Amino acid sequence: MAKHQIHSDELDAMFAALADPTRRRVIARLGAGPASVGELASPLSISLPSFMKHVRSLESCGLIRTEKSGRVRTCVLNHNRFHLLTGWLEEQRRIWEESTDRLEQFVTQEES
């Protein structure tokens, strides 16, 4: 499989995981530091088994890691994984900025 396709599949999985507001809340909370599954689930009005589906989704695409110590499962952001997302977003920004720059040049040349 080509490297581009691998990254595309990985990005698809990450964006699909981030499409859910509950998962985005988890990511936002983990930005402040590691937290147990119980801590992450407590402010939400969903059952623990339902919440664990969200955790598994984030973990399967690599955005978070979980570590179990005794009966406590702790979630941690996988910061390295976000480089793939930010790299893709930066590339999109560059493409759009170049397009708008060309458009601006075209418009200003027409006005002259």
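The largest nonpolar core of this predicted model comprises 24 residues, and those with the most contacts inside it are Ile-27, Leu-30, Phe-51, Leu-63 and Ile-64; such a core is a set of buried Ala, Val, Leu, Ile, Met, Phe, Trp, Tyr and Cys residues joined through side-chain atoms within 4.5 Å, where buried means under 20% relative accessible area, exposed over 50%, and partly exposed in between (1.4 Å probe, protein chains only). At least two residues of this core come from each of helix H1 (3-18), helix H2 (21-30), helix H3 (37-41), helix H4 (48-60), strand S3 (72-77) and helix H5 (79-111), helices (H or I, at least four residues) and strands (E, at least two) being DSSP runs numbered from the N terminus. Beyond its neighbours within four places in sequence, Leu-63 is in contact (heavy atoms within 4.5 Å) with residues including Met-14, Ile-27, Leu-58, Val-76, Arg-81 and Phe-82. Residues are numbered from 1 along each chain as its sequence is written. Local features need pLDDT of at least 70 and side-chain atom pairs count only at pLDDT 80 or more, whereas totals for chains, interfaces and linings use all residues, and side-chain values use heavy atoms, with hydrogens and water left out.

The three strands form an open sheet in the order S1-S3-S2 with antiparallel pairing, in which S1 and S2 are the edge strands, each pairing on one side only; strands are taken to pair if DSSP finds at least two bridges between them. Strand S1 (residues 35-36) is joined to S3 by two bridges, with Ser-36 opposite Thr-74, while six bridges join S2 (residues 64-69) to S3, Thr-66 having Cys-75 as its bridge partner and Ser-69 standing opposite Val-72. In the hairpin of S2 and S3, which has two residues between the strands, Gly-70 adopts a positive phi near 65°.

Four salt bridges are present in the structure, each defined by a side-chain nitrogen of Lys or Arg within 4 Å of a carboxyl oxygen of Asp or Glu. Glu-10 pairs with Arg-81, the closest N and O atoms being 2.6 Å apart; because Glu-10 lies in helix H1 and Arg-81 in helix H5, this pair ties together parts that are 71 residues apart in sequence. Within helix H5, Glu-90 and Arg-93 are three residues apart, about one turn of the helix, and form a salt bridge with the closest N and O atoms 2.6 Å apart. Arg-94 and Glu-98 also meet in a salt bridge (2.7 Å, N to O), and Glu-91, Arg-94 and Glu-98 are linked in a network of salt bridges.
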